[in-house]
Amino acid sequence: MRLKTSLQKEPKHTELVSCVGWTTPEELYSGADDHLILRWNLVNNETASLVKLPDDVFPTDMHWFPKAATGGGKKTGSDLFSLTSTDGKFHIIGKTGRVEKSVEAHKGAVLSGRWSYDGSALLTAGEDGQVKIWSRSGMLRSTLTQNSTAVYGVAWGPDSDQVLFTNGRQLVIKSLQANAKPTMWKAHEGVILQVDWNPVNSLILSGAEDCRYKVWDTYSRLMYSSSAHDYPITSVAWTPDGELFAIGSFNTLRLCDKAGWSYALEKPNTGSVFKLSWSSDGTQVAGACGNGQVLIGHILERRLEWSNFEATVTESKKIVVRNVLNDSYDKLDFRDRVIKASLAFGHLVVATSSQCYIYSWGNFLQCVKNFNTPMIFDLKEGNVSLIMQAEKHFLLVDTAGVYVFTYDGRLACSPKYPGLRADILNAQTVSISNDTVAIRDKADEKVVYVFDAQSGKPLGDGKPITHKLEVSEVALDQCGTAGERRLAIIDKNRDLYLTSVRVFGTDRKTVKLGTMIMSLAWNDNTNMLAALADGKFTVWYYPSAVYVDRDLLPRTVFEKEASEFGKNPQLLQFVGNHVVIRRAEGSLVSTSISPYPAILHSYVQAGRWDDAVRLCRFVKDEMLWSCLASMSAYAKELNTAEIAYAAIQEADKVQFILNIKDIPVKDARNAEMALLCGNPQDAEAILLQAGLTFRAIMLNIQLYNWDRGLELAVKHKTHVDTVLGYRQKYMDQYGKSETNKRFLQYKEGIEIDWEKIEAKIEMQYQKERERPDRPVSTATTASHAPSGPGGHRPAVKTGS
């Protein structure tokens with residue numbers, strides 16, 4: 001990625017340019033010490049004077065009224081802006097140049113002025129050390145602080161309920177709520193000149209006279225610190241989507257990733273860059289320069305990679321797609337400027353300022369083809385901030401909402417919930433799979449809303465997922481059936497949890513997988529999960545093992561030291577058996593994992609259990625056998641489960657499975673498998689739904705869940721004496737007398753006769769053997785008859 005900068009042959013301003021601001025990506029405004037506010041039309045490269053300020057008024061900062069607050073579309077932009085000046089006033093100026101209001105705000109110069117995101121308030125900072133909040137009409141609402149030094153920079157928090165300002169070498173975050181304690185920390189060794197706070201990633205950017213720029217989180221933790229530059233950092237600015245930021249200094253313009261490392265460094269002959277401003281689509285940056293120039297930079301060479309393809313935005317309206325296997329390529333030209341692009345799952349999705357293009361190609365291994373006939377549809381808004389792809393459709397986010405489109409350009413749905421703020425969604429807070437969309441709520445960060453990707457309706461029982469801590473990141477797995485969809489959650493403690501998405505009437509199962517997770521990625525065609533955690537590179541070959549057999553989960557995890565990836569690396573992609581990682585300094589490295597787990601996944605998805613067993617026997621790897629044991633137990637594939645558990649020396653589970661195989665009723669076998677997977681509630685539900693009340697009662701007796709066993713027996717008016725009999729044997733075995741009031745109550749009216757009980761049990765098993773769903777197997781054993789507490793097993797022969 002690089003910046004293509006352009007300057008005018010002759011400066012349009014005769015003095016230092018102090019501020020710049022965009023209304024639309026085609027229209028720019030600048031203010032300078034020559035008292036002129038100029039309008040720049042970038043389509044025809046014309047400039048015109050908007051307003052001539054009085055001779056004693058020198059502009060210091062300009063901020064256009066937020067488009068979201070006016071409902072402005074992609075073409076209209078804002079109609080007014082605030083202009084702060086050295087005479088202690090701020091001015092509200094319309095697009096026509098009419099000064100609508102001038103307000104005495106500070107003693108000395110007003111150094112900065114920023115509208116809140118909803119446009120309801122204006123924040124100003126002055127040489128007098130005060131920070132003030134004004135209504136849109138110019139009425140003073142409050143004075144937030146009184147410092148002893150000038151406040152050079154201010155910024156609103158993401159929700160417009162906090163304010164960031166400079167205080168010499170310190171940064172201060174102050175809440176607008178009364179009596180809230182401010183957060184203050186020493187950020188630089190020199191006076192801080194500029195700050196910016198991004199609403200999407202919630203990161204803070206600061207530049208100072210110590211010639212460094214730094215990135216902070218909202219807890220005042222340092223995320224990145226640059227090396228010292230030759231000159232003070234005079235301007236900083238985030239892109240609207242929070243993925244990049246720009247840094248200005250003397251004859252210097254730098255483009256950086258949100259992690260801090262530098263993409264591009266330009267050395268224009270402009271003097272100091274005093275202010276930077278990004279266009280609303282994040283593709284252009286304007287700089288106010290000390291020599292009277294207005295510097296304009298375009299982002300080019302954005303590169304996307306997937307499988308053996310790469311797509312590069314070579315010019316503002318051109319993308320080159322290349323197949324690295326045979327070096328074939330194609331050039332794609334667009335009518336408008338390219339804003340966002342995404343390449344994955346055999347599709348290239350490109351959003352321009354007015355349209356969305358969908359390119360599809362079938363034969364990945366041969367060549368780039370079918371690229372001249374894209375699907376095209378118009379966009380309501382011109383500012384697409386995010387594109388995320390799944391195999392069957394893709395998600396598109398702009399300032400107005402969230403949309404799911406199919407790859408033939410049809411709108412599938414537009415998920416909505418109360419308080420949705422689409423403008424601050426990013427790749428960490430929204431995720432899509434073939435059947436599900438997950439969005440983390442901004443108002444309550446513990447809540448994740450999940451929607452059906454086809455209809456846009458809330459999933460399951462309609463309730464969102466509520467985590468116990470604030471959620472930092474969400475990611476949906478990409479494969480398998482909709483009913484087995486899993487959501488990976490990283491909370492603010494950087495703990496990783498796995499939860500079920502589609503839940504009906506039962507408790508949602510959320511389990512902890514790991515701690516200190518820095519980044520994660522699901523595999524594109526199997527449900528393997530990779531993460532960088534606590535100095536290790538970790539891959540869960542079968543994360544759902546945690547729902548099957550928790551003892552097996554550690555045996556299905558691959559780990560290796562991550563020291564080769566440096567400090568704070570980030571996972572970018574997990575495609576096939578290759579993982580792409582970005583180091584802290586920006587370089588890309590790739591690592592690979594064993595190809596066998598992916599092959600095993602493909603066999604299991606296709607139901608080729610014999611092939612899966614042959615693969616494990618060929619590879620002779622305990623990790624692979626453990627994966628197969630979990631997969632087969634989850635799928636209730638008993639023969640394979642028996643072989644796999646035997647291979648990893650789990651003799652007790654092999655014996656249990658052998659017992660299960662001889663049960664004549666399929667539902668009873670499934671219930672016993674649920675018991676093996678540690679889900680007694682599911683096992684009971686399966687039995688009751690299948691009408692196997694007796695087995696449900698015996699299940700609770702086996703688990704010493706006496707009250708539930710008696711409750712079922714009484715409710716269904718059957719085998720009350722069986723429950724009482726086993727309870728009596730249990731009490732006699734341990735030499736105790738009955739104290740439970742319910743058991744004493746029923747014991748009075750019921751006689752315990754073991755001959756009758758065993759006869760009833762024999763009759764139940766006889767009924768099961770005569771059921772039509774019994775297996776063809778002629779195995780005859782009594783092993784499936786539940787043994788009662790105290791070691792008593794009814795002397796019954798079962799079989800065909």
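Leaving aside neighbours within four places in sequence, L600 is in contact with A612, L615, C616, L624, C627, L628 and M631. The model is predicted, and L600 is among the residues with the most contacts inside its largest nonpolar core, which has 64 residues.

**Nonpolar cores**

- Besides L600, the residues with the most contacts inside the largest nonpolar core are L496, F537, W540, L628 and Y645.
- Helix 5, which spans residues 622-634, gives the most to this core, contributing 7 residues.
- As general background, nonpolar side chains tend to be buried together in soluble globular proteins.

**Helix 6 and helix 7**

- The axes of helix 6 (residues 638-647) and helix 7 (residues 651-661) come within 9 Å and cross at roughly 165°.
- Because angles over 145 degrees count as roughly antiparallel, helix 6 and helix 7 are roughly antiparallel to each other.
- The crossing in which helix 6 passes helix 7 is left-handed.
- On the helix 6 side the contact is made by L638, N639, A641, E642, Y645 and A646, while helix 7 supplies K653, V654, I657, L658, I660 and K661.
- Sorted by class, the contact of helix 6 with helix 7 has 8 nonpolar residues, 1 polar residue and 3 charged residues.

**Loop residues with positive phi**

- Most residues other than glycine have a negative phi.
- E301, although it is not a glycine, has a positive phi of about 60°, and its place is in the loop between strand 28 (294-300) and strand 29 (302-306).
- With a relative accessible area of 23%, E301 is partly exposed.
- S307, likewise a residue other than glycine, has a positive phi, with a value near 50°, and lies in the loop between strand 29 and strand 30 (309-315).
- S307 counts as partly exposed because its relative accessibility is 48%.

**A buried loop residue**

- Q8 is found in the loop between strand 1 (2-6) and strand 2 (17-24).
- Since buried means under 20% relative accessible area, Q8 counts as buried at 16% relative accessibility.
- Not counting residues up to four places away in sequence, Q8 touches W40, Q293 and V294.

How values were computed. Residues numbered from 1 in each chain as written. Predicted model: local features only at pLDDT ≥ 70, side-chain atom pairs only at ≥ 80, totals over all residues. Heavy atoms only, no water. Core = buried A, V, L, I, M, F, W, Y, C linked by side-chain atoms within 4.5 Å. Buried < 20%, exposed > 50% of the residue type's maximum accessible area, 1.4 Å probe, protein only. Helix = DSSP H or I, 4+ residues; strand = E, 2+ residues; numbered from the N terminus. Contact = heavy atoms within 4.5 Å. Axes fitted to C-alpha atoms, helices over the stretch in contact; angles between N-to-C directions. Parallel < 35°, antiparallel > 145°, perpendicular 65-115°, else oblique. Left-handed = near helix turned anticlockwise from the far one by under 90°. Nonpolar A, V, L, I, M, F, W, Y, C, P; charged D, E, K, R; others polar.
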